[in-house]
Amino acid sequence: MLLEKNFLPAYVISNEDQRWATNVIPNVRKVLTVTGSGDQALFHTLAGATTVDTFDITVNARAIQDIKFAAIKNIPLGEYIQLLHDLRLRLDFLDTPTMQKLLPLLPGTTREIINQGRHDYMFCSGLGITEYYENVPKIPEYIKLRKILTKPFNFILCDLYDLSAKISDTYDFINLSNIFDYCYDAETQAKILRELTDHLNIGGHIAYLPQRQQFDYSNVRLTSSNGAKLKYQTTKINNTAKLNRIDTKMILFQRTR
C-alpha cells in the first residue's frame, strides 16, 4: 500500500550540475542513483553508463523520469523544454497536446500514478528550468540520448535507509545526491554507507553532493558485515559553477576491498 509520503512532489529539473557531477569519475558503467528529476539517470547515460538503476521515496520521481524518457524519444528539444515548464507551472498539464501525445507511450504503472488524481502538484519541488537551464540537454546531447536510450530506467520505490535491502546488484558508482543534508544522524549515515558498500564493486565510489553538510567525513573508515571496506577518498568542487549559485560539491567514498 502506498502512503502519502510516496506522493511527495518531485523536481522537474535538478539543482545540481549534472553534466559535471556525472563526469567526475571516468569510465563508470554501472550506476545506482537517486531518481530526483530524472536528470541524474540521463546525464549518467550521456557520460557512458550502460546500466543505470534509480531509487526515490516518491513515485512522482518515477513519473518525471519516465515522462522525460518518452519525450526525448518522441518530441523535439524545443517541445521538451516547453513540456518542463508546463509540468511545473500548469495544473492542467495533462490537457496539453504534448502530454496527450506522451501519455499512451508511458509505462502502465506510470500512467496509473498520473491518473490517480494527484497530478496538480506532482512536480513543484525546487525551482523551474530557467534557474537551472544548464541541466537541460544541449542539442547534440538530446540527439545522442534519443539514439542510445532503449527502455525506461529501472525504478525502486524506497527510502535510502531501506535501499540496501531492496537491491541485489553491485555498482561502480552510487549517487546519493544531497539526501544526507536533510535526514539521518551520523550513526545512521554510517550504517547506510556500510550496507551500501556491499553493493559496490571494488574500487567503486559512493558520492554525496552536499549543499548543507552536517558532518566532517574526512576520517570515515568503515567495514561492512561482509568485510567490505569503505573509506573517504576526496572532495571535489565544481569551480565552473555560475556566479551567485551554490557550487556543486561532491564527497567521494571508495570501496578498497
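Modeller: A definition to begin with: the expected span of a helix is 1.5 Å times one less than its number of residues. Helices are DSSP runs of H or I with at least four residues, strands are runs of E with at least two, and both are numbered from the N terminus. This is a predicted model, in which local features need pLDDT of at least 70 and side-chain atom pairs count only at pLDDT 80 or more, while totals for chains, interfaces and linings use all residues. Residues are numbered from 1 along each chain as its sequence is written, and side-chain values use heavy atoms, with hydrogens and water left out.

Biologist: What span should helix α4 have, and how far apart are its end C-alpha atoms?

Modeller: Helix α4 has 13 residues, 77–89, and should span 18 Å. Its end C-alpha atoms are 19 Å apart, which agrees.

Biologist: Which residues in α4 are buried?

Modeller: Leu 77, Tyr 80, Ile 81, Leu 83, Leu 84, Asp 86 and Leu 87. Buried means under 20% relative accessible area, exposed means over 50%, and partly exposed is in between, with a 1.4 Å probe and protein chains only.

Biologist: What covers them?

Modeller: The cover includes α2 (39–46), α3 (59–74), α5 (97–102) and α7 (139–148).

Biologist: New topic. How many salt bridges are there?

Modeller: The count is 7, taking a side-chain nitrogen of Lys or Arg within 4 Å of a carboxyl oxygen of Asp or Glu.

Biologist: Which residue does Lys 68 meet in a salt bridge?

Modeller: Asp 39, at 2.8 Å from N to O. Lys 68 is in helix α3 and Asp 39 in helix α2, so the pair ties together parts that are 29 residues apart in sequence.

Biologist: Is that Lys 68 buried or exposed?

Modeller: Lys 68 is buried, at 1% relative accessibility. Asp 39 is buried too, at 0%.

Biologist: And what does Glu 79 pair with?

Modeller: Glu 79 forms a salt bridge with Lys 101, 3.2 Å from N to O. That links distant parts of the chain, helix α4 and helix α5, 22 residues apart. Glu 79 is partly exposed at 22%, and Lys 101 is partly exposed at 40%.

Biologist: Last one, cysteines. How many disulfides does the structure hold?

Modeller: It holds 0 disulfides, a disulfide being a pair of cysteine sulfur atoms within 2.5 Å. Cys 124 is partly exposed, with a relative accessible area of 32%, whereas Cys 158 is buried at 7%.

Definitions and conventions
Contact means heavy atoms within 4.5 Å.
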